[in-house]
Amino acid sequence: MSHADSASPTRVVLMYAGRPTFSCSNCTAVFALQDELISKSFSGRDGRGYLMHSAMNLRLGTKEDRPLLTGVHTVADVFCVGCGDRVGWYYHKASDHSQKYKEGKYLLERERIVKDNAWTLHD
Ligand SMILES: [Zn+2]
């Protein structure tokens, strides 16, 4: 899996200037620019998950060790600051060396986010 563009922008982005974003499906709080997307081929709790370089407008829940498909990870659920919905989780730590690239990144549940305020996401 490639994520060569490690020069990720700063976390707080105030200007979108028409660039596509991912937002909360419930309250439309903006979580991330589409540029932050690393992969769409992750598994969330209820379905597909999107791995993101960074995200905003999220509140971190309690840190816990969770067995995922790729081994035990230390994660924290993330909640929308707008409506309080759980929308995914944050990877604090991965136990398996091959999964270290996920650390410090966000998994957003596909069902909980919308792109550009549309109601469907396209692969
Ligand atoms: Zn929300």
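**View A. Trp89 and Tyr91 are both buried.** Buried means under 20% relative accessible area, exposed means over 50%, and partly exposed lies in between (1.4 Å probe, protein chains only). The model is predicted: local features need pLDDT of at least 70 and side-chain atom pairs count only at pLDDT 80 or more, while totals for chains, interfaces and linings use all residues. Residues are numbered from 1 along each chain as its sequence is written, and side-chain values use heavy atoms, with hydrogens and water left out. Three aromatic pairs occur in the structure. Trp89 and Tyr91 form an edge-to-face pair, because their ring centres are 6.3 Å apart and their planes stand at 80°. Rings of Phe, Tyr and Trp (its six-membered ring) pair if their centres lie within 6.5 Å; planes under 30 degrees apart are stacked, over 60 edge-to-face, and the rest tilted. Over the ring of Trp89 sits the charged end of Arg66, 5.5 Å from the ring centre. This label requires NZ of Lys or CZ of Arg within 6 Å of the ring centre and within 35 degrees of the ring normal.

**View B. Tyr90 and Tyr106 form a tilted aromatic pair, because their planes meet at 55° with the ring centres 4.9 Å apart.** This pair links distant parts of the chain, with Tyr90 in strand S7 (residues 86-94) and Tyr106 in strand S8 (residues 106-109), 16 residues apart. Strands (E, at least two residues) and helices (H or I, at least four) are DSSP runs numbered from the N terminus. Tyr90 is buried at 15% relative accessibility, and Tyr106 is buried at 6%.

**View C. Strand S4 (residues 48-52) is largely enclosed by the rest of the structure, because four of its five residues are buried.** Strand S3 (residues 37-43) runs antiparallel to S4, and four bridges join them. A hairpin of four residues leads from S3 to S4, and Ser43 stands opposite Arg48 in S4. S4 also pairs with S8, in the antiparallel sense and over four bridges. In that pairing, Leu51 faces Leu107 in S8. Two strands pair if DSSP finds at least two bridges between them. The chain has nine strands and zero helices.

**View D. Four cysteine SG atoms, from Cys24, Cys27, Cys80 and Cys83, coordinate the zinc ion at 2.3 Å.** Donors are N, O and S atoms within 2.8 Å of the metal (3.2 Å for Na, K and Ca); water is not among the atoms, so sites may look incomplete. Along the sequence, the donor residues are spaced C-x2-C-x52-C-x2-C. Cys24 is buried, with a relative accessible area of 1%, whereas Cys27 is partly exposed at 27%.

**View E. Lys100 lies in the loop between S7 and S8.** At 28% relative accessibility, Lys100 is partly exposed. Leaving aside residues up to four places away in sequence, Lys100 touches Lys93 and Ala94; contact means heavy atoms within 4.5 Å. His73 is 27 residues from Lys100 in sequence, and their C-alpha atoms are 9.6 Å apart.

**View F. Buried residues make up 41% of the 123 residues in the chain.** Of the contacts between residues at least 6 apart in sequence, 46% join residues at least 24 apart.
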